[in-house]
Amino acid sequence: MAPRRSSRAPSTKPPSKPASKAAVENAAPKSKVNGTSTKRAASPERQDAPPAKRSRSAAPKSENEPPAAKPPSRKPRSKTAATKAAAEPAPKKARKLSPVREKEEAPVNVQLKPYFNPLPTPPEKKRPGLLPFAWGTGNFGQFGMGPDVLDELPKPKRNMWAEAEMEKNTFGEDKGGMESVASGGLHTIFIDENGKVWTCGVNDDAALGRITQNVPDPNNPGSFLSVDDLTAIPHPLQSLIDENFRAVKAVAGDSICAAISDKGELRVWGSFRANEGSLGFSTGLLHQYTPVPVLELSHKPGDIEKVASIAAGSNHLLVLTTHGHIYSWGAGEQAQLGRKVLERRKMHGTVPEKVTLGSRSRKAVAIGAGAFHSFAVDDKGDVWAWGLNSMGQTGTGYTSSEDSVVQLPQKVKNLSKEELGEDVVVSIQGGTHHTLFLLKSGKVYAVGRSNSGQLGLPDDHPAFKDRVDDDFVSEPVLVPFPDPDDPVVQVSCGPHNNAAVTKSGALYTWGQGVQGELGLGDVEEAKTPQVVVRKDGGAWFAAAVSCGGQHTIGLFRKKN
């Protein structure tokens, strides 16, 4: 996951400031503040923009539904015509073939070919439901625990608000919980068992995808709901509910967010930032306040390209399609888009374009991103990287300053299928200057900055010998875990910290966490993976984890 506007000063706490009050939804009352400024209220013009965008893209909404049945064609119009056709062999043959031709015609909105990459699917529901826990710093409401829990939490703390809502079946029947979580710079996105998207935290740059200011109080005409309640307590994105968007996965950058549905539909909201400040959402639009479709993919009769997966850096997005294609857009100053973006035309980077892995015929099966760098795994098991490599974080090697930026996708060292003994990389997560690679076998490799324990390696590890620079390792190395028999099933990266969940429900963290991000109490730096949730004993089973800019959210299931 990507850091929030503080990636250049990893050990310094971000300055405290009031929680966000940006107006960000189409249902908002008109505001008198200039929408193009960085102030928190949105202009009426900006509020009207999202619905217009949705209406232009409304047509593909039903693209997976078969078209209405067509009436049979070429029927005789009279008994005379029918008798004549029976007497003449040629017309008789044509009449018999006509229905066959109609049956062979492929409905244009039905997928007939098997997808190269499958559509995303919701996970299996298990009981008890998953309850959010939070640790780190939540002074902007990113914990989602309400306005009374905005301080620093050095150890995981259960979300009492979410626990109460689970009792009401808010997130799913039979006390269902959350399915997944994505922690952004200073905000958090949850997906519940109903497929609804919930957001909380800072909304200065439309990261929450909904209005948080000047919201009328339905119980008190003339009054408005509390901004603190609207940002510190998770609220669902009603616009997605209204279009029956069943979310399966969400990603969060600094202020750019995206979600995909079980039908392979993509929705994006928020804003990109460049080095010198706000870049905007797209040409002529600074912020996108509600989720909108962005990417137009190819539609052919019987073959409809959809979105299979998404990944987010600090200020860029990657999309993997069902056909194995990769698209990127956002800020591209560090080559994280896999193409050259001129400084004077950097807004062009906010337009999605294809990324080529060496040749156009090569297809991808997985994607990943760090703050300013990007990754993909191709169908042969090779890993590709591009973007910022100032501390070896791409894993493509580093011999001099000329290797600080990888302009076009290059293969990552030591991680090919052959080098891994037929094992393969299935997930890639990156921080500001380091990266984690999760293998199908449950092993984890790390590369990049290492001066604060980011790689999870002990001081005497061979990788630290004969390095180009004492602060980083430029080729991926295997991370040792306390229990090698308990494979890792998920990893997540913060700016300089990491977390990993194992098959048996254990949770490990390591790296630098000066604001409690490690969940290890007063420990601010862990050079090797440390246990936060135990595999054996204890009351909770760790199922998922997501590291944000200065907070971490875990989804835990209560043990019997």
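Asp 205 and Arg 273 join their side chains in a salt bridge, with 3.7 Å from N to O. This pair links distant parts of the chain, 68 residues apart. Asp 205 sits in the loop between E5 and helix H5 (227-232), while Arg 273 belongs to strand E10 (residues 272-274). The model is predicted. Its chain has 560 residues, and 56% of them count as buried.

**Salt bridges**

- The count of salt bridges comes to 14.
- Is Asp 205 buried or exposed? Asp 205 is buried, because its relative accessible area is 7% and the cut-off for buried is under 20%.
- Asp 483 and Lys 535 also meet through their side chains, at 2.7 Å from N to O.
- Asp 483 lies in the loop between strand E26 (472-478) and strand E27 (488-493). Lys 535 lies in the loop between strand E30 (525-533) and strand E31 (540-547). The pair therefore ties together parts that are 52 residues apart in sequence.
- Lys 535 counts as partly exposed, because its relative accessibility is 30%.
- Arg 127, Asp 174 and Glu 193 form one network, joined by salt bridges that share partners.
- Glu 167 pairs with Lys 175 in another salt bridge, at 3.3 Å from N to O.
- Lys 175 is partly exposed, with 41% relative accessibility.

**Helix H4**

- Which residues of helix H4 (residues 160-167) are buried? They are Trp 161, Ala 162, Glu 165 and Met 166.
- Seen down the axis of H4, these buried residues fall within an arc of 140 degrees, so they line one face of the helix.
- An α-helix has 3.6 residues a turn, so residues three or four places apart point the same way.
- What covers the buried residues of H4? The cover includes strand E1 (131-137) and strand E5 (197-201).
- At the start of H4, Asn 159 has a side-chain oxygen that comes to within 3.1 Å of the backbone nitrogen of Trp 161.
- After H4 comes Asn 169, which has a positive phi, near 65 degrees.

**A buried glutamine**

- Where is Gln 336 found? Gln 336 is in the loop between strand E17 (326-330) and strand E18 (353-355).
- Gln 336 is buried, because its relative accessible area is 1% and buried means under 20%.
- Leaving aside neighbours within four places in sequence, Gln 336 is in contact with His 316, Ala 331, Phe 372, His 373, Ser 374, Trp 386 and Gly 387.

**Cysteines**

- How many disulfides does the count give? The count comes to zero.
- A disulfide is a covalent bond between the sulfur atoms of two cysteines.
- Cys 200 is buried, with a relative accessible area of 0%.
- Cys 257 is buried too, also with a relative accessible area of 0%.

**The whole chain**

- The secondary structure comes to six helices and 32 strands.
- Take the contacts in the chain with a separation of 6 or more: 59% of them are between residues 24 or more positions apart.
- The accessible surface of the chain is about 24500 Å². Carbon and sulfur atoms hold 51% of that surface.

How values were computed
Residues numbered from 1 in each chain as written. Predicted model: local features only at pLDDT ≥ 70, side-chain atom pairs only at ≥ 80, totals over all residues. Heavy atoms only, no water. Buried < 20%, exposed > 50% of the residue type's maximum accessible area, 1.4 Å probe, protein only. Helix = DSSP H or I, 4+ residues; strand = E, 2+ residues; numbered from the N terminus. Arc of directions from axis to C-beta. Contact = heavy atoms within 4.5 Å. Polar contact = N/O pair within 3.5 Å; in protein donor to acceptor, adjacent residues only side chain to side chain. Salt bridge = Lys/Arg side-chain N within 4 Å of Asp/Glu carboxyl O. Disulfide = S-S within 2.5 Å. Areas by Shrake-Rupley, 256 points an atom, 1.4 Å probe, with all protein chains shown as cover.
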